[in-house]
Amino acid sequence: MTNFIDVAIIGAGPAGMAAAVDAENNRLNFVLFENNKSGWYAEYSINQHYTVDGYLGAYNTTGTELVESFKKHLDSKGISITPKKVEAVKKHEDNFVISCDDGSMYIARFLVIASGTTPKKLYIENYDKFFGKYIFNFVCKEDLDYEGKNVVVLGGRNSGATTAIFLANNTSANVTLIERDSTLNATRKYLERLAKTRVKAITSATVYRINGDDKLTSVDMVVGNKSLTIPCDYLFCSIGMKPNLKYLNVLEIATDSLGRIVVDPLTMESSIPNVYAIGDINQLLPKQVSNATANGKTAIYFINKKI
Ligand SMILES: Cc1cc2nc3c(=O)[nH]c(=O)nc-3n(C[C@H](O)[C@H](O)[C@H](O)COP(=O)(O)OP(=O)(O)OC[C@H]3O[C@@H](n4cnc5c(N)ncnc54)[C@H](O)[C@@H]3O)c2cc1C
């Protein structure tokens with residue numbers, strides 16, 4: 001069955017949920033797609049440093065509490081989330097044809113791309129084999145026994161720094177933070193917190209091998225021009241994000257050098273008329289919940305003017 005709608009909002013993170021609330025306020029005919037737990041990325045990432053930064057009014061609020069309040073807002077408006085993965089989008093005359101993982105199709109006049117980013121993986125042997133069991137992206141998601149364990153965190157920006165701080169403050173693990181650059185590039189606040197922990201940082205280091213048969217045992221790296229092997233029971237990989245836009249392949253949408261969708265900063269419209277991109281998936285900075293939700297409002301405002 002094909003469903004005809006005005007607006008397809010793809011992704012129910014903060015950006016997509018904010019767009020949905022405004023779409024409902026404007027009585028638009030829309031669908032909000034989500035293939036995972038809505039708001040999961042904001043929840044897990046914010047929980048790594050306990051409470052949300054920079055979202056006015058939400059002081060002392062955890063990632064879980066913030067996302068719960070977003071979902072309650074949607075519930076209060078009777079907005080339901082369509083639990084489907086969007087697998088492909090193509091243009092047909094003036095409309096967009098959206099194909100989902102359950103075989104269903106939607107035809108929409110406007111697209112709001114809010115599918116965010118995914119943590120990058122390390123393209124080295126054993127990564128896939130151990131991912132989910134000994135290798136993770138987010139520290140709050142799993143329930144591991146850290147007693148006497150060696151944990152390596154890869155990536156010295158904010159994600160890696162907050163992961164290392166969380167592990168040092170909440171577990172008995174022996175934590176090593178590895179950064180490829182010569183310095184850690186996290187913001188000052190996290191560097192200050194890191195300095196108060198027992199985390200050992202190794203900079204100018206590139207991990208090139210993950211060792212172990214049934215379980216992870218160690219990682220090999222080059223530090224400067226020397227080789228180093230350190231024991232490792234769990235590895236947290238925080239080496240950056242890549243935009244989730246594979247399903248847009250055939251649209252040939254303009255992106256920047258980081259693969260983020262380029263939008264008009266006034267309207268959020270992309271290089272393709274009637275396709276809007278909001279939140280972490282567009283080129284605008286900073287990458288924060290407040291920006292994501294504001295982008296959602298802006299996109300719906302301009303779509304509503306065209307309807
Ligand atoms: C460690 C860390 C800490 C952070 N701390 C803060 C903080 O304190 N304060 C702050 O403001 N910001 C913080 N952020 C940033 C914040 O989490 C993001 O800016 C925000 O989540 C972006 O929202 P979004 O809706 O654009 O994307 P996302 O939250 O990534 O949501 C995108 C959604 O789209 C879904 N999706 C993807 N592809 C498809 C598809 N094909 N079909 C259907 N659904 C799909 C995903 O499952 C996901 O739920 C932090 C980020 C990190 C990494």
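## The antiparallel sheet

Strand β12 (residues 218-223) runs antiparallel to β13, and six bridges join the two. The model described here is predicted.

β12 and β13 belong to an open sheet of three strands, ordered β11-β12-β13, with antiparallel pairing. β11 (205-211) and β13 (226-231) are the edge strands; each has a single partner strand, so one side of each is left without a neighbour in the sheet. From one strand to the next, the twist averages 25°.

## The parallel sheet

Strands of a sheet can pair in either of two ways, parallel or antiparallel, through backbone hydrogen bonds. A second open sheet shows parallel pairing: its five strands follow the order β7-β14-β8-β9-β10. At its edges stand β7 (135-136) and β10 (200-202), each of which pairs on one side only.

Within this sheet, β9 (residues 174-178) runs parallel to β10 and is joined to β10 by three bridges. L177 has A201 in β10 as its bridge partner.

## Packing of α1 against α7

The axes of helices α1 and α7 come within 7 Å and cross at roughly 35°. The crossing is right-handed.

On the α1 side, the contact is made by P14, A15, G16, A18, A19, D22 and A23. On the α7 side, these meet V289, A292, T293, N295, G296, K297, A299 and I300. Sorted by class, the residues of this contact are nine nonpolar, four polar and two charged.

## The shell around the ligand

Around the ligand there are 39 residues, of which G11, G13, S45, G116 and G279 come nearest. By class, the shell holds 16 nonpolar, 18 polar and five charged residues.

Four helices each supply at least two residues of this shell: α1 (14-25), α2 (40-47), α5 (158-170) and α7 (289-306). The largest share, five residues, comes from α2.

Methods
Residues are numbered from 1 along each chain as its sequence is written. This is a predicted model: local features need pLDDT of at least 70, side-chain atom pairs count only at pLDDT 80 or more; totals for chains, interfaces and linings use all residues. A residue is near a molecule or strand if its C-beta atom, placed from the backbone, lies within 6 Å of it. Ala, Val, Leu, Ile, Met, Phe, Trp, Tyr, Cys and Pro count as nonpolar, Asp, Glu, Lys and Arg as charged, and the others, Gly among them, as polar. Two strands pair if DSSP finds at least two bridges between them. Axes are lines fitted to C-alpha atoms, for helices over the stretch in contact, and angles run from 0 to 180 degrees between N-to-C directions. A crossing is left-handed if the near helix is turned anticlockwise from the far one by less than a right angle, and right-handed if clockwise. Two residues are in contact if their C-beta atoms, placed from the backbone, lie within 7 Å.
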